[in-house]
Amino acid sequence: MYQQPVPSADLRHRTIEAPAGRLHLVEQGTGPLVLLVHGFPESWYSWRRQLPALAAAGYRAVALDVRGYGRSSKPAATDAYGMLDLVEDNVALVRALGEERAVVIGHDWGSSIAAASALLHPEVFRAVGLLSVPYAPPGGPRPTDVFAQMGGDQEFYVSYFQEPGRAEAEIEPDLRGWLAGFYAAMSADTMPARGEPDPHFVARTCGRLRDRFPGGTLPAWLTEDDLDVYAGEFERTGMTGALNRYRNMDRDWEDLAQYGGAPITQPSLFIGGSLDASTTWMADAIDAYPTTLPALASTHILEGCGHWIQQERPEEVNRLLTAWLDSLRG
């Protein structure tokens with residue numbers, strides 16, 4: 001049952017040993033373990049409004065910094081950020097916390113990491129919650145071939161991120177400003193209006209993503225203090241570790257080929273935003289859920305919500321997550 005969050009002063013920071021070297025996590029509450037996995041470009045802090053709510057509902061809520069982010073280790077090698085590596089980090093985290101099983105919930109890239117964790121280790125991850133990015137089974141064409149065909153005379157942002165050093169050269173000279181623009185570009189209250197240039201694409205000649213970001217106003221969910229936290233973490237780490245996730249997509253395609261078309265059979269939940277490109281572009285994946293997520297409890301598309309779903313609509317997301325988690329106890 002959803003209850004009012006307990007004070008965030010009860011947050012506990014710790015580090016554990018994992019294949020990445022060191023994983024930083026923040027936990028709150030006691031009870032069944034719920035692992036929260038963030039996306040790009042975020043950190044454990046993206047779950048700041050879920051940790052106290054889940055703790056109040058009787059769960060041990062744990063949000064990690066994914067390898068390459070925040071206070072977790074940042075391996076130097078680009079190929080240290082493959083999906084199999086990130087899944088093994090999650091398994092190691094559960095074990096280090098003295099648990100055998102957990103529910104895993106992810107947002108954005110964290111949704112894909114959560115799905116892969118559940119697919120590869122059903123003995124550890126007993127249920128999976130997906131926010132913003134739908135589950136699509138491994139398989140299909142090589143990812144870089146797909147992205148190269150998108151956008152016509154424009155370049156898709158994933159392709160832009162895949163070239164080492166290129167996005168870093170845009171982002172790192174004004175990291176705080178770039179983050180503010182990126183968050184605003186995908187938030188319901190600040191994203192570009194229909195018909196304006198799409199911030200998911202860049203001009204192929206000397207283009208920058210930030211050229212299409214809205215300017216001047218932070219989205220309602222993001223305070224100056226929140227932005228300081230995010231910017232401070234990336235000022236410490238740089239952007240390369242986070243961007244290396246995009247640079248392993250073809251490797252993931254090869255590594256997960258044996259799971260082509262595989263469903264996730266554990267209990268699952270999906271929550272998306274009606275104004276989020278991840279939800280609309282992958283509508284076919286959502287339509288396929290009766291086959292790909294046969295134990296799906298429900299799908300929720302939040303009207304008027306953008307990409308940063310658990311931060312844009314924390315109360316609604318917390319109620320949905322808590323109700324679903326409670327149903328797993330039955």
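Let's start inside the protein, at the second largest cavity: its lining residues divide into six nonpolar, one polar and two charged. This is a predicted model, so take the tour with that in mind.

**Stop 1: the second largest cavity**

Select L23, V37, L64, V66, R67, L86, D89, N90 and I113, the residues that line this cavity.

**Stop 2: the largest cavity**

How many cavities of 30 Å³ or more are there? The count comes to two, and the largest has a volume of about 70 Å³. To see its lining, select H38, G39, V66, R67, Y69, Y81, L86, W109, I113, G241, A242 and R245. The elements that give two or more residues to this lining are α3 and α9 (240–243). By type, the lining of the largest cavity divides into seven nonpolar residues, three polar and two charged.

**Stop 3: a cis peptide bond**

Next, zoom in on F40 and P41. A cis peptide bond joins these two residues, with omega at about -15°. Most peptide bonds are trans. To place P41 in the fold, show the loop between β3 (33–37) and α1 (51–56), where this proline lies.

**Stop 4**

Most residues other than glycine have a negative phi. Our next two selections go the other way.

Select D108 to begin with. Its phi is near 60°, a positive value in a residue other than glycine. You will find D108 in the loop between β5 (102–107) and α3 (109–120). Is D108 buried or exposed? Its relative accessibility is 9%, so D108 counts as buried, the cut-off being under 20%.

Then move to S132, where phi is near 75°, again a positive value in a residue other than glycine. S132 sits in the loop between β6 (125–131) and α4 (143–148). With a relative accessibility of 0%, S132 counts as buried because it falls under that 20% cut-off.

**Stop 5: helix α15**

Finish with residues 314–329, which form helix α15. What span should its 16 residues have? At 1.5 Å a residue they should span 22 Å, and the end C-alpha atoms are 23 Å apart, which agrees. You can check this by drawing a distance between the C-alpha atoms at its two ends.

Which residues of α15 are buried? Highlight P314, V317, N318, L320, L321, T322, W324 and L325 to see them.

How values were computed
Residues are numbered from 1 along each chain as its sequence is written. This is a predicted model: local features need pLDDT of at least 70, side-chain atom pairs count only at pLDDT 80 or more; totals for chains, interfaces and linings use all residues. Side-chain values use heavy atoms; hydrogens and water are left out. Helices (H or I, at least four residues) and strands (E, at least two) are DSSP runs, numbered from the N terminus. Buried means under 20% relative accessible area, exposed over 50%, partly exposed in between (1.4 Å probe, protein chains only). The expected span of a helix is 1.5 Å times one less than its number of residues. On a 1 Å grid over the protein atoms alone, a cavity is a set of points where a 1.4 Å probe fits but cannot get out, and a pocket is an open set with protein on both sides within 12 Å along at least five of seven lines; lining residues have an atom within 4 Å of a point. Grid points are joined across faces, edges and corners, and a volume is the space filled by probe spheres set on the points. Ala, Val, Leu, Ile, Met, Phe, Trp, Tyr, Cys and Pro count as nonpolar, Asp, Glu, Lys and Arg as charged, and the others, Gly among them, as polar.
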